[in-house]
Amino acid sequence: MLNQSGVRTVAGTTRKTILVDEMNSTAFSCKIANTGVTAVGGKKIVKAGTPLAGSLLARDTAFTVAADSGDQTKTSNAVGLLLHDVDVTGGTANGQVLVFGFVDVSKLDSDVVTKLTDAAKANMKMIQFVK
C-alpha cells in the first residue's frame, strides 16, 4: 500500500528565502509552467525571485516567466516574483507568486537579477528591492 505507483520520494532541504521580512509580505499560491525554462543538468528549475507573468484572477492557469517587450519604451508583463525555487521538470508545478514585500537582492542568483529589468520592477509597485 505504501509503494503505490505515482508516489515520489523527495529529499528534504531548507527552502531558499529571498525576503528581508517574511511577516511583511503577501504571496499567493499558483501554478508554474515549464514553458521557456531551459534544463540544466537534466532539471528545469525556475529560481526564486524570477519575475512571473499571469493573472491573479485565474491562478489555475499556469504562470510563466515574465518578458519585456517593445524597442524604445520597454514594457513588461510581470505581476510578481516567484517566492521559492520550483522544479518544473515533470511539467506544471505548484509555487507562490509574491506580490507585496521586501526582497533582498543579494540573496538572488545573478541570472535572476538580470531578469529584474526596470520595466518589470515598474509593474511590481508593491515589491521593494533592498541590498
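How much accessible surface does the chain have, and what share of it belongs to carbon and sulfur atoms? I looked this up before anything else, keeping in mind that the model is predicted: the accessible surface comes to about 8300 Å², and 52% of that belongs to carbon and sulfur atoms. I then checked burial, and of the 131 residues of the chain, 31% count as buried.

Next I went through the secondary structure, where I found two helices and ten strands, following the order β-β-β-β-β-β-β-β-β-α-α-β along the sequence.

I turned to strand β9, residues 93-104, and its pairings. Strand β1 (residues 26-32) runs antiparallel to β9 and is joined to it by seven bridges, with Ala-27 having Leu-98 as its bridge partner in β9. Strand β7 (residues 80-82) also pairs with β9 in the antiparallel sense, over two bridges, and here Leu-81 has Leu-98 as its partner. Strand β10 (residues 127-130), by contrast, runs parallel to β9 and is joined to it by four bridges, among them the one between Gly-101 and Ile-127.

I then asked which residues of the largest nonpolar core touch the most other members. In this core of 16 residues they are Ile-18, Leu-81, Leu-98, Val-103, Leu-108, Met-124 and Ile-127. Apart from this core I noted another, of eleven residues, including Cys-30, Phe-63, Leu-82 and Val-97.

For Leu-108 I listed the contacts, leaving out residues up to four places away in sequence, and found Lys-16, Ile-18, Ala-48, Gly-49, Val-103, Val-113 and Leu-116.

Last, I looked at contacts between residues at least 6 apart in sequence, of which 76% join residues at least 24 apart.

Definitions and conventions
Residues numbered from 1 in each chain as written. Predicted model: local features only at pLDDT ≥ 70, side-chain atom pairs only at ≥ 80, totals over all residues. Heavy atoms only, no water. Pairing = 2+ DSSP bridges. Core = buried A, V, L, I, M, F, W, Y, C linked by side-chain atoms within 4.5 Å. Buried < 20%, exposed > 50% of the residue type's maximum accessible area, 1.4 Å probe, protein only. Contact = heavy atoms within 4.5 Å. Areas by Shrake-Rupley, 256 points an atom, 1.4 Å probe, with all protein chains shown as cover.
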